[in-house]
Amino acid sequence: MLDEELVDHFISLVEPTDFGDIRLGVSEGTTIEVNSGQVRSVSGYESAGFGVRVRHKGVWGFASSSRLTKEAVGDAVEKAYKIVHSAPKPSEDVDFRVNPSREKLGYPWRTDPRGVEIDEKLGVAMRADRAAKLQDVYSTQTTYQDSVTEWLVGNTSGTLVHFYASYPRLICSAFVKDEFATQSVMQSLDANCGFELFDGDAPERVGGRAGEKAVRLLGARAVKAGIYDVVLDSAMTGVYTHEAFGHASEADLVIAGTSVLEDKLGRKVGSEVVNIVDDPTIQGVRGSFPFDQEGTRAKKRNIVEAGVLKSYLHTLETAARFRVEPNGAARAMDFSSKPIARMSNTFIVPGEHKEELYEDIKLGVMFSGFQYGYVDPGSGKFMFKAQYGQMIRNGELEEYVRDAALAGFTLDVLSKIDAVGSNLSFEGGTCGKNGQWVPCSTGGPHVRVRGVVVGGQ
Amino acid sequence: MLWLVDSDSLFKAINSFEGDAELEVCVEERTNGSIIFERGGFKYAEAKTAQAVTVRCLVSGKMATVRSNQFSENVLETLLKRAYKLAGGAGSTDCQSHFSVRSVPEGVSPYSEETAHADLGELSKRVLEAVKAVDKKQKVYSISVEADYGVRRVAAANSNGVSGEWRTTYASVSAEVVSRQGDEQASGWKVAESNNVNELEFESVLSGATELAVSMLGAKSAPTFKGQLLMDPYASCLLVDSLAEAMSGEEVFKGRSFLSGKKGSKVASELFVLREDNSMPKSPYSRGFDDELVPTSSKHLVQSGVLKTYLHSLYSAEKLGEEPTGNGFRDGADISVGTTNIVVEPGPNDVSSLLNKIEKGIYLIRTGDRPNMSTGDLSALVSMGYYVEKGEILYPVRETMVGVNVLDLLKNVLAVGSDISALGRTVTPSLLFDEVSVSGGRA
């Protein structure tokens, strides 16, 4: 159990006119990788430590240590103040107020992975891997991961919150090989919960789905590059929403002048059928959390309503600069990282289209699953590659295609969405920003986008 | 600076462990300082120290790894016991037979006292001066700069009697500049690295990013055609990183690399010469041995157009029946195939002479795309680049993709530049290729 006395000691070292906060974390986890039925690696990790911030006349200093002792806290505060006093004056200073939270939450899930034997965890990975190895599957790769962190966050404004994060995950890839290429499809199961995620036949379902989808790609050719009407499945909709739009809504990027959403609050940024939400309060989803890493209680954020930009994602400081209430979006990768504005579970809200969205497309591409991508939030330029695609001709889904990529500009594509499906599903991921990786979820319904650039051969 | 432990102490701890196992221990320590400027003003600074102990254990052909950020003699003893128990129980069966048995050299990694004793306040002043020197008269909307520096030190030993230590310093600066013209917004970024913080050229990085951001305004879609592709050094890095990844013995063994079965074969034009250099004087990536205590080496990877070798960890070397090459590097707890410095030999052509060789083509400055690793097919969005005709840059492009197979690309090298830039561990000049498909929205 993390020691609240270290928080008290930290607070006693911060100058009364300054703001300071401390994050203490203890983590433990397991990773197992299985390749085609063979156990490739088994590893366990543990870490513990704290990070402190002090804010003096608008300047932040940060220091961290892996020693959970009063002496180490004292050293870190000294280092943070040394930084503050040697730094140039900030270009702008703002006063910010904190509505303090005080709450102590226990481990809220049924089965703590820290108490599960390694053989049982290995069994989960092996079962998924076996299920993926269908007759035409060339090879498989399955990764089991769990990670539990106990957090204690306190600050000089009176916040003291104690909570847990637990991220079990199973990722299964199936590879198929034909005369053209080796291709793979990845399927994952993840949540913010306990080991009960793997109850029943959950591992077999993950592996089986990866295998079934991969086999469909045998004989698939690369899509011909060009301008098409497209339908994005939940995974691709989610990644576009998160990467292309969500990052641009992070208030620190807006302040830095590197977001295409700067100066657009209250303005139209997409078509009227588009509503975008970031919600860390959805029970059990990988990107959920009860408090952010500044101790602000998590809350649902309506970012876009009927195509109009309504809010950004805020830390304490960015909220003060915009003169709005903090909305609990300050996240840190671990105790040794500073909190920055981040997403949680980001998605386009389902619409009313019950029918298939490709029915009135003459020539198009259906994008399924996410492979990789990148975005430049400053210009809004992005590219996302799907795990696989399917050609649409005269309203019918036809042959599978590989190497399908969606490219364009964030706001341009958002304005070209003309239909939003009624389905909703999430996929867990790990989001990177400024060298920090945090668990998140993306998802949404299927959406139809008119006339966008599709990359291929 | 006081270090937690030396390799002799690790050796003693391993030798005193009672259990029939091969053991390997690696202790890594880091100190790091970093600063962030945004909108031209100071935003944030931080100082960190961190450590990580990784223990790998082989018991009866099974292996396990444990890792902790705590270190003491007691912690090490506990980790050795945990690794032993884990390996003997649910340990991996698809692993190497042994840890390294070859002695390792010392003193390859460059170290700078200036970096080790750098001061965040001084660094902040230097960055601020560079930001002030940027010509912001027109179109420059925002400037963000990050700079960091630090010391990394590793001590490692295994139960086969191999031990070693190294330390290095690193420093980097990156700048992102956003330009604006009416409703249009574009960006440019540039980065520089060295082992010596005093040798970072802040002004050059900032002016380069600024020039790029402003030059990207007014972008248009390119026509669809087949022509030449000039990759600037940053774009070339993408290609070279992908090649190094495809040379990974583990990917080759799994049949997932487009270079599988091509060792000893001609895979590129003779103009393209690629080598690994483990001892570049100013590079923080120079190393005498890898994370498995196997000596690294400088070697040709592609010479006279021929693929000379695959890159191996102990595991992949054993699987392919080849010698380890000192390319086993740790990413978190696990070892995978990686490299020290990867270098493309420069040629005789400056950038203007390369441009003059283009009849119709794209000058690719930045892309985030990478090829399909099994086929080598590359479909890359031109995230920053220009359309070129008859040697003249006509306009920056948007919504434009280039498509080619990497193996075809390498055989169609027209010329190699004399300019050299490093992005991380990859050092390349500009490269000019022929026969590349370009897809844009214009007729």
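Biologist: Is the crossing of α3(A) and α4(A) left-handed or right-handed?

Modeller: Good place to start! Keep in mind that this is a predicted model. Here the crossing of α3(A) and α4(A) is right-handed.

Biologist: At what angle do helix α3 and helix α4 of chain A pack?

Modeller: Helix α3 covers residues 118-132 and helix α4 covers residues 202-215, and they pack at an angle of about 30°, with their axes 7 Å apart. Angles under 35 degrees count as roughly parallel, so α3(A) and α4(A) are roughly parallel to each other.

Biologist: Which residues of α3(A) and α4(A) meet?

Modeller: On the α3(A) side they include A:V124, A:R127 and A:A128, while the α4(A) side includes A:P203, A:E204 and A:V206. The residues of this contact divide into seven nonpolar, three polar and four charged.

Biologist: Now to the two chains. How many residues of chain A are in contact with chain B?

Modeller: There are 60 from chain A, in contact with 60 residues of chain B. Strand β2 of chain A, residues 38-56, gives the most to chain A's side, with twelve residues. By class, that side has 26 nonpolar, 26 polar and eight charged residues.

Biologist: In which sense do strand β3 of chain A and strand β2 of chain B pair?

Modeller: They pair in the parallel sense, over five bridges. Within β2(B), B:E46 stands opposite A:F62.

Biologist: And where is A:N434?

Modeller: Look in the loop between β22 and β23 of chain A. A:N434 counts as partly exposed because it has 13 C-beta neighbours inside 10 Å.

Terms used
Residues numbered from 1 in each chain as written. Chains lettered and ligands numbered in written order. Predicted model: local features only at pLDDT ≥ 70, side-chain atom pairs only at ≥ 80, totals over all residues. Helix = DSSP H or I, 4+ residues; strand = E, 2+ residues; numbered from the N terminus. Buried ≥ 20, exposed ≤ 12 C-beta atoms within 10 Å, placed from the backbone. Axes fitted to C-alpha atoms, helices over the stretch in contact; angles between N-to-C directions. Parallel < 35°, antiparallel > 145°, perpendicular 65-115°, else oblique. Left-handed = near helix turned anticlockwise from the far one by under 90°. Contact = placed C-beta atoms within 7 Å. Nonpolar A, V, L, I, M, F, W, Y, C, P; charged D, E, K, R; others polar. Pairing = 2+ DSSP bridges.
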